[in-house]
Amino acid sequence: MPRFYITTAIDYVNSRPHLGTAYEKVCADVIARYKRLSGFDTFFLMGNDEHSQNVYKSATEQGLDPLTYCDRMEEIFQNTWRSLDLSYDDFIRTTQARHKAAVTDLVQRIYDADDIYEGVYEGWYCVGCEAFKPEKELVNGRCPEHPQQEPQWIKEKNYFFRLSKYQQPLLEHFQQHPEFSVPETRRNEQLRLLESGLDDISISRAGQAWGIPLPWDPKSVVYVWFDALINYAAAVGLGTDAERLETWWPADVHLIGKDITRFHTVIWPAMLMSAGLPLPKCVFAHGFMTVNDQRMSKSNPATIIDPLDAAKRHGVDPLRLYLAKEVVFGDDGDFSWDRFDERYNADLANNLGNLVSRVTAMAHQYRQGRLVPVGDSSPRLRDVSNDVVQAYRRAMDELAITNAAASIFRLIDATNLHIAETAPWALAKDPSQADRLTQVLFDAAEAIRLAAVLLSPIIPASSREILRRVGATSDSLNLDRDARWRPEGERVLIQGAPLWPRFEKKTSKEKLVSEPVPPTQEPVAQNPAPGTATDQRISIDQFMNVELRTAKVIAAEAVPKSKKLIKLQVDLGTEQRTILAGIAEAYQPDSLVGRTIVIVANLKPAKLMGIESNGMVLAASPEGGKPVLVTVDAEPGWRVR
Ligand SMILES: [Zn+2]
């Protein structure tokens with residue numbers, strides 16, 4: 001069985017995990033689960049970095065000994081990670097005996113290679129970064145990352161690592177292995193740094209109690225960064241189990257934040273070269289996550305989101321999907337509650353969840369839940385699914401998890417289209433179409449099964465539930481075996497509560513002119529609810545008489561002499577139209593261009609201020625207040641119902 005070893009950065013335990021930390025771990029989990037699904041014997045490592053002066057300080061301030069403090073923090077971290085359904089195989093702590101053994105082993109190897117010498121370090125040290133800071137990096141005498149802290153001036157006996165000796169070997173490694181440092185932007189940054197030359201670095205601190213002593217000079221401890229990097233090899237047996245090290249080292253992927261790329265693509269490989277150990281195959285640096293476009297920072301509490309709070313909003317899997325799908329892996333990305341709500345409704349409530357409900361409901365309404373294929377599968381749906389599986393695998397193999405997630409939604413969209421075009425509720429009225437109806441529903445269930453298999457690394461628990469509902473097993477899934485269109489076999493579908501109920505913001509005063517209705521109810525709500533004879537409700541047919549469609553605004557201008565009207569040019573995919581909208585008090589015309597709005601497409605034309613308006617724009621308005629346009633995340637021309 002091929003092996004795959006993936007690690008994440010280990011976290012300082014002087015603060016709690018936040019959404020940015022969780023982002024990295026979720027992405028690593030998606031990759032690890034994908035590799036297991038692909039038949040790899042996978043080892044997924046996470047852990048905590050405990051030999052930090054900040055940890056020592058925080059512990060002392062709370063009157064705890066540092067190890068007790070670290071034990072408590074470990075509980076908080078692991079509780080968070082388990083709650084997010086992370087499937088790590090091991091959790092290393094740098095205070096563990098196995099890590100100390102590995103650090104001792106590695107620094108001794110480097111010492112024996114004559115790559116460590118004694119010297120004096122004199123200069124600035126930022127405790128916030130736990131890093132030596134050259135004068136030129138300080139701004140107004142402070143570390144730009146930690147302007148609230150005074151950097152320390154240090155003059156002490158240090159041991160230095162001959163990093164400069166590895167400039168040429170590293171350059172060669174970068175050239176021979178372009179896959180070693182990704183994405184390319186990070187690789188190029190490090191290449192430029194390498195080309196400009198490397199200074200030797202201090203790797204020890206003198207006179208400190210908290211850390212791992214140097215084997216040849218126990219009065220000095222290993223500098224926390226040098227110590228931390230070694231965890232990746234410690235977890236697979238360096239210094240404790242040579243056979244295990246042989247089996248699992250080198251790591252296939254170190255997943256890290258882009259700010260620590262230098263430590264991982266320059267210093268760590270040089271340490272390994274000096275120690276005579278192979279280098280990791282790939283260091284993938286992900287981008288930063290911002291909150292409402294602001295960088296996360298303790299001085300701005302609104303940007304510090306506890307991942308467990310985010311998971312409480314819509315569930316763990318919706319959060320995982322958002323992190324994997326909405327932030328281009330490798331780039332910076334943003335989180336906002338509004339965007340999270342919007343994507344939850346769009347991807348899960350209205351799309352995937354709705355599809356599962358409809359198909360299981362129709363299978364029960366028309367076939368008592370049992371579907372046995374009677375003819376050929378829909379060639380189009382089968383082709384799309386084959387395409388999607390290929391695109392998904394290609395993307396995942398390149399760690400392009402955003403693209404992989406997006407490709408699955410192509411299959412989900414195609415399945416929705418399959419239902420819309422074949423109209424099972426119409427087939428059900430015609431006895432001569434009985435076989436076709438069975439096949440249409442079978443194909444839809446099969447496409448959902450495939451989508452759920454592909455989604456299993458991203459939303460594992462939901463994927464299992466979807467598989468159960470479409471009558472498939474979720475036990476030991478295998479991509480080669482299970483991500484293939486299966487034209488045969490009986491399926492027994494199971495109905496259940498909505499997987500993801502639509503999220504409605506609690507707005508007390510706002511009244512929507514027209515709330516877009518998710519396309520749930522055609523097949524099952526044909527009969528009016530009992531006891532509605534005297535009320536004002538309309539039938540589904542009456543509602544369907546109103547043709548609502550999405551439209552993209554391509555131009556907008558004020559109507560001369562009118563305070564209220566804006567003239568819009570909109571694109572419906574198949575045609576363009578002019579529509580007048582009474583929204584000038586709320587919107588600047590320019591701000592409307594590019595938005596996708598909802599219009600009543602089958603309204604009789606009307607002339608206003610000498611201009612013919614073909615349709616009506618939907619907007620919500622509070623009593624006596626300004627209108628808010630109904631905008632959607634959709635392509636132009638889609639039917640809204
Ligand atoms: Zn700093």
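Two notes on the numbers. Residues are numbered from 1 along each chain as its sequence is written, and side-chain values use heavy atoms, with hydrogens and water left out. Because the model is predicted, local features need pLDDT of at least 70 and side-chain atom pairs count only at pLDDT 80 or more, while totals for chains, interfaces and linings use all residues.

I start with helix α6, residues 184-195. Helices here are DSSP runs of H or I with at least four residues, strands are runs of E with at least two, and both are numbered from the N terminus. Helix α6 has 12 residues and reaches 16 Å from its first C-alpha to its last, close to the 16 Å expected at 1.5 Å a residue; the expected span is 1.5 Å times one less than the number of residues. Its buried residues are Arg186, Arg187, Gln190, Leu191 and Leu194. Buried means under 20% relative accessible area, exposed means over 50%, and partly exposed is in between, with a 1.4 Å probe and protein chains only. Seen down the axis of α6, these buried residues fall within an arc of 135°, so they line one face of the helix. The arc is taken from the directions from the helix axis to the C-beta atoms. The buried residues of α6 pack against α5, β8, α10 and β14, where contact means heavy atoms within 4.5 Å. After α6 comes glycine 197, with a positive phi near 105°.

Next, a sheet. Four strands form an open sheet in the order β6-β5-β7-β9, with antiparallel pairing; two strands pair if DSSP finds at least two bridges between them. β6 and β9 stand at the edges, each with a single partner strand, so one side of each is left without a neighbour in the sheet. Strands β5 and β6 pair over three bridges, and the bridge partner of cysteine 126 is alanine 131 in β6.

Now the cores. A nonpolar core is a set of buried Ala, Val, Leu, Ile, Met, Phe, Trp, Tyr and Cys residues joined through side-chain atoms within 4.5 Å. The largest one has 106 residues, and Trp81, Leu319, Phe329, Leu352 and Tyr392 touch the most other members. Helix α17, residues 434-455, gives the largest share of this core, 14 residues. Apart from it lies another core, of 69 residues, among them Phe160 and Ile267.

Last, salt bridges. A salt bridge is a side-chain nitrogen of Lys or Arg within 4 Å of a carboxyl oxygen of Asp or Glu. How many salt bridges does a search of the whole structure find? The search finds 43. In one of them, the side chains of arginine 33 and aspartate 29 meet at 2.8 Å, N to O. The two residues are four apart in helix α1, which means they are separated by about one helical turn. Arginine 33 counts as buried at 17% relative accessibility, and aspartate 29 counts as buried at 0%.

Another salt bridge joins arginine 491 and glutamate 446, again with 2.8 Å from N to O. Arginine 491 lies in strand β19 and glutamate 446 in helix α17, so the pair ties together parts that are 45 residues apart in sequence. Both residues of this pair are buried. There is also a network, in which salt bridges that share partners join Lys325, Glu326, Arg339, Glu342, Arg343, Asp347 and Asp633.
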